[in-house]
Amino acid sequence: MALDRAPWRVGVVGYGRLGQSLVSHLLAQGPELGLELVFVWNRDQGRMAGTVPPSLQLQDLAALRERHPDVVVEVAHPKIIHDSGAHILRHANLLVGSPSALADQATEQRLQEASHRWGHAVFVARGALWGSEDITRLDKAGGLQSLRVTMATHPDGFRLEGPLAAAPRTGPRTVLYQGPVRGLCPWAPRNSNTMAAAALAAPSLGFDRVIGVLVADLSLPDMHVVDVELTGPPGPAGRSFVVHTRRENPAEPGAVTGSATVTAFWRSLLGCCQLPSKPGIHLC
């Protein structure tokens, strides 16, 4: 469905698997959907050779203003949001593909301040989080009591840092982390985005009270499994409202991003382009 407004100019930051998919979609389908790709930036410029037209390759991210983007899509690494998120918001709306960056309170504050100062929105892709709208509705109604997100995959699918990188793995299934999402994101920045999205979907709980569980499972070489468990208010008989969803997402062995998540991200981009550009942080 084409946008019922002037074409939106889109910049893409990051050219890994997800970035490549977005660029391919934008080049093939963007014009008929009212989207125009205006630049692609990647830390390793050589990776774009032969697949991204030279006219679209941005050499210096600080020069993005020259391309006049309406929205810049980050699909690189949380460090981009930490270091350049506020700068991007000076010139365009921002679609965050690494919501784990927002577990850092200083980064979230900088984005909020820049968003309101320059009048641009921070959109956050829900990625592999199933049922985000329902979580938000229950949270807004004051009924969300607890929220727990478990992500399990083969150890080769993790990109861990710090103490988690050295955590011992015993047996076919090892719980690497269980605790507040805020404590997980710095050590698993590329494997905690679904949990970070859940924390943003439930602001009454947030990064400190949404629980994240990261599991290394040798039986899942080509699958990312995300379990979302939440509880709501008790009924007349004292039993609590409970929801448990399980998402089994096929993935290439060793891949950080599952196949269905790539499609979900494209839908998030289309969705955010339909939304008003209101300052603040919005899940889409």
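Two strands count as paired when DSSP finds at least two bridges between them. In this predicted model, that rule picks out an open sheet of 5 strands, laid out in the order 7-8-6-9-10 with mixed pairing. Strand 7 (173-180) and strand 10 (240-250) sit at the edges with a single partner strand each, so one side of each has no neighbour in the sheet. Going from one strand to the next, the twist averages 15°.

As for the partner of strand 10, strand 9 (residues 223-234) runs antiparallel to it, and 10 bridges hold the pair together. Within this pairing, leucine 230 faces valine 243 of strand 10.

Elsewhere in the chain, glutamine 57 is worth a look. Its place is in the loop that links strand 2 (35-41) to strand 3 (71-74). What does the side chain of glutamine 57 reach? It comes to 2.8 Å from the backbone oxygen of valine 52. Val52 also turns up among the contacts of glutamine 57 once neighbours within four places in sequence are set aside, along with Val40, Met48, Ala49 and Arg67.

Notes
Residues numbered from 1 in each chain as written. Predicted model: local features only at pLDDT ≥ 70, side-chain atom pairs only at ≥ 80, totals over all residues. Heavy atoms only, no water. Helix = DSSP H or I, 4+ residues; strand = E, 2+ residues; numbered from the N terminus. Polar contact = N/O pair within 3.5 Å; in protein donor to acceptor, adjacent residues only side chain to side chain. Contact = heavy atoms within 4.5 Å. Axes fitted to C-alpha atoms, helices over the stretch in contact; angles between N-to-C directions.
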